[in-house]
Amino acid sequence: MRASRLLSVLLLLQTHGRMTAAELAQRLEVSVRTIYRDVESLHTAGIPLYGEAGHAGGYQLLDGWRTRLTGLTAEEAERLLFAGLPGPAAELGYESVVATLQLKLRAALPPPLADRAAQLQQRFHLDTPGWYSDGDPSPHLAPAADAVWRQHRIRVRYRSWNGEVTRTLEPYGLVLKGGRWYVVAARPERADPATYRVNQILALEALPESFDRPADFDLPAWWRAHVVDFRARLHRAEATVRLSLRGRERLREVGSDAVVAAVEHSAGPPDETGWVRAVVPIESLTHAHGDLLRLGAEVEVLSPADLRAMLAETAAALAALYAPPAG
């Protein structure tokens, strides 16, 4: 552990040029006293490292000296995919490995390219979770990832749409979609894989038996086909609605691309109050009820009658709930 930290000190100084003991301690999550001891050990080993006191001081390597200890370990090479995805890497439990990997990659670059890499990091940032979510935390994500990598079966207790179920799964891969993690897995008795949202796994047990992952299974290609199929099956019915100008603007923020596009293509000219009539695709009455409620009084459902009745019932209940006290 200490040898790894000493290498990290060297790589940090090689990458950043000059750093104080406090800065090094913060980056490596150790005490300043530990940094002092590490610097002394590096001096003893003959590393051309010197320090300067004062406000602008800090530790620095001799100009032109570079460590050759930037080779990747097997684990770091395996995590290379996550070098630009610190958030997902942390969720998977790879944060420390990826941090060291990034440091080695930058330290291995000549100074001009290292500077450009640092500038790129300050100009482009990938934040995968949505605005209204802090991600998709789950205590079972790291064990699921380990099972994917080792090709071991898992037994999960899962919250499905029709209640809790217990499944034995053969996990083929993990996918991060819209800030949410999904495990693509097959069941031993069924060859076709399916998706399971990791955050809905209530319990996970790693089983000792391994499984043979199909040699021709292509996770990115399978996922692309799955998304196309999901979208094709998503909207099976239609609703006719009236929308105000504010409703159309709000729809662009909260509606799906398919619904927004349907309004733009099917809406007639605005009436004298600025409202338009349009036909929009819906997944089900229940989903449409929840989605259209987000538009409040800026939308009116004309058909189907069942959906209109559901919204009218909800509106009446809200009016009764917020009615001023009698008297």
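In strand S3, the bridge partner of Arg18 is Gln60, where strands are DSSP runs of E with at least two residues, helices are runs of H or I with at least four, and both are numbered from the N terminus. This is a predicted model, in which local features need pLDDT of at least 70 and side-chain atom pairs count only at pLDDT 80 or more, while totals for chains, interfaces and linings use all residues. Residues are numbered from 1 along each chain as its sequence is written, and side-chain values use heavy atoms, with hydrogens and water left out.

The side chains of Gln60 and Arg18 are also joined by a polar contact of 2.9 Å (a pair of N or O atoms within 3.5 Å, one able to donate a hydrogen and the other to accept it; residues adjacent in sequence count only if both atoms are side-chain atoms). Gln60 is buried, with a relative accessible area of 14% (buried means under 20%, exposed over 50%, partly exposed in between, with a 1.4 Å probe and protein chains only).

S1 and S3, residues 58-61, pair in the antiparallel sense over 2 bridges, and pairing requires at least two bridges found by DSSP. The open, antiparallel sheet has 3 strands in the order S1-S3-S2. Strands S1 (18-19) and S2 (49-52) stand at the edges with a single partner strand each, so one side of each is left without a neighbour in the sheet.

Elsewhere, helix H10 (residues 245-254) has Gly247, Arg248, Leu251 and Val254 buried. These residues cover an arc of only 135° around the axis, which puts them on the same side of H10 (the arc is that of the directions from the helix axis to the C-beta atoms). The face turned away from this buried side carries the exposed residues Arg246, Arg252 and Glu253.
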